[in-house]
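Please keep the view open and turn to each place as it comes up.

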Amino acid sequence: MFEDIPVDVSPMHEGERIRSANMFVELAGPKSIGAELVQVKDSVEDGKVEVIGPEISEMEQGQIYPFAINVEIAGSELEEELESVIERRLHELCNYVQGFMHLNQRDQIWCRVSTEARDAGFMLEHLGKALSVLFREEFPIIESISVTIMTDEGAVKEFLETAREKYEIRDSRARELSDEDVDVFYGCLMCQSFAPTHVCVVTPDRTALCGAINWFDCRAAYKMDPDGPIFEIQKGDVIDPEKGEYENVNAAVAENSQGTTERVYLHSVFGYPHTSCGCFEAVAFYIPELDGIGIVNRDFRGETPLGIPFSAMAGQCSGGKQVEGFSGLSLEYMRSPKFLQADGGYSRIIWMPKELKDSVIEFIPEDLRDKIATEEDATSIKELRKFLKDKGHPVLERAPTEVEEAEAVEEEETYPDEAPIIEGTPLMASPEISLPAAGGFRIILKNAKIYAEKVIIKRK
């Protein structure tokens, strides 16, 4: 089947990670541009595979290139609503190819080719051929298929605009429905090759963490393949409508996470937040010093007010972990009327990158739009506190005493050899802290918050 492809193609390679040490080139990702799209057409030239731009053999080791995959399919039983479902399988099927790593989705894709694959003679044309065969096997209703792979910057930029327009059409359709309008939610297990205990719960008001699959997509996927990675969850009894806790959702998550996660709040980052995979588009994180919540998206390259970037934060809460105070989410969920409703919604959000804020500005209540800080307004807790006070953010009403005490400490005179900090002020919050111990053991503190009566900074 894959005799003309110089590397192995098999599900056994799905969890393969290509690190920098054995990477030949990087495609798309955080330092470049890229996108993927599946489109249903009336007719398609079956088996056509085209590469627009430099092939692997023309690339330089260690470099980063733009990258896009455009798959066109045709078939008498294919419908437009199946596009995003089939598109999401690109993640899984690309990873079947030995020496090729695919992460994320839509216009967030991040791929790598290993030096071993390059040395074996692997080309992007081979990836296209593999996808043609694999898609036909996965979806027999596909009667003809063509694959176009782009590494030319101009071609990728033009394709990116087309893809984003298509994404918006899909997303806007799902906004017309709410959780109360349906009796069935869906669970998705597509990311379990990378996050074995993660179960993504998709509802009309909560798009999948990857942002690529909404409730309508799940319904179409389940009808097409009832035994596939997307399954029905009868909504059943509601335990807490504000937090978004459901009896049947808890049972489904417990069963499909091997008992690792037993309870889930769909609309809160506290208590039992939704687990995070690794494909999420953004992370919501608690800022204890201000009792507020920040949001950082994958595209943001700077540091959050906590002093760490998206990558470090994502590393702490991904992999299927349930970490209180942290939750992966899709950008579309930030447009939902139930967005973190148990935590106060946007009245609890105090910081997010400007680009992200601009993209959801029309969904933020008008009276809060200029009260949520960005990296242009604050890059530290101290600057953020001042911004929130100047703007009169409602989060300050939640704990005015603590804020006043913190401000008083900042205004106190400090001495050259030591600086005090107020009693009970949280110095550090982390979902997981690892401590060394004797005898070959390691102590791991989960959801740790460290407090100190006094911190003394001494000059050497």
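1. A word on terms before we start. Helices and strands here are DSSP runs, a helix having at least four residues and a strand at least two, and they are numbered from the N terminus. With that in hand, you can find V147 in strand β8, which covers residues 144–150. Please also keep in mind that this is a predicted model.

2. Now for the overall picture. The protein chain contains ten helices and 19 strands. Of its 460 residues, 54% are buried. The chain exposes about 20600 Å², and carbon and sulfur atoms supply 47% of that area.

3. Let us go back to V147 in β8. Is V147 buried or exposed? Its relative accessibility is 0%, so V147 counts as buried. Leaving out residues up to four places away in sequence, V147 touches K48, V49, E50, I69, N70, V71, G128, L131 and S132. V147 also lies 7.8 Å from G47, C-alpha to C-alpha, although the two are 100 residues apart in sequence.

4. L131 belongs to the α3 side of a contact with α1, together with L127, L134, F135 and E138. On the α1 side, the partners are I86, R89, L90, L93 and C94. How do these residues divide by type? Eight are nonpolar, none is polar and two are charged.

5. The geometry of that pair is worth a look on screen. Helix α3 spans residues 124–138, and its axis comes within 10 Å of the axis of α1, crossing at roughly 120°. Angles from 65 to 115 degrees count as roughly perpendicular and those over 145 as roughly antiparallel, so α1 and α3 are oblique to each other. The crossing of α1 past α3 is right-handed.

6. Helix α1 has another partner to visit. Helix α1, residues 83–94, packs with helix α4, residues 153–174, at an angle of about 125° and with the axes 12 Å apart. These two helices are therefore oblique to each other as well. Here α1 passes α4 in a left-handed crossing. The contact is formed by E83, S84 and E87 from α1 and by K166, Y167 and R170 from α4. By type, these residues divide into one nonpolar, one polar and four charged.

7. While you are at α4, please look at S172, which is found in that helix. S172 has a relative accessibility of 29% and therefore counts as partly exposed. Which residue 160 positions away along the chain has its C-alpha atom 9.2 Å from that of S172? The residue is E332.

8. A28 has a phi near 60°, a positive value in a residue other than glycine. A28 lies in strand β1, residues 23–28, and with 0% relative accessibility it counts as buried. R106 also has a positive phi, of about 50°, although R106 is not a glycine. R106 sits in the loop between β6 (100–103) and β7 (110–114). Where the cut-off for buried is under 20% relative accessible area, R106 at 5% therefore counts as buried too.

9. Before β1 in the chain, there is a segment that holds H13. H13 is buried, with a relative accessible area of 10%. What does H13 contact, once neighbours within four places in sequence are set aside? The residues are D8, N95, Y96 and Q98.

10. The last stop is L368, in the loop between α8 (354–360) and α9 (381–391). L368 has a relative accessibility of 6%, so L368 counts as buried. Its contacts, leaving aside neighbours within four places in sequence, are with Y346, S347 and P394. The C-alpha atom of L368 is also 7.5 Å from that of H393, a residue 25 positions apart from L368 along the chain.

Terms used
Residues numbered from 1 in each chain as written. Predicted model: local features only at pLDDT ≥ 70, side-chain atom pairs only at ≥ 80, totals over all residues. Heavy atoms only, no water. Axes fitted to C-alpha atoms, helices over the stretch in contact; angles between N-to-C directions. Parallel < 35°, antiparallel > 145°, perpendicular 65-115°, else oblique. Left-handed = near helix turned anticlockwise from the far one by under 90°. Contact = heavy atoms within 4.5 Å. Nonpolar A, V, L, I, M, F, W, Y, C, P; charged D, E, K, R; others polar. Buried < 20%, exposed > 50% of the residue type's maximum accessible area, 1.4 Å probe, protein only. Areas by Shrake-Rupley, 256 points an atom, 1.4 Å probe, with all protein chains shown as cover.
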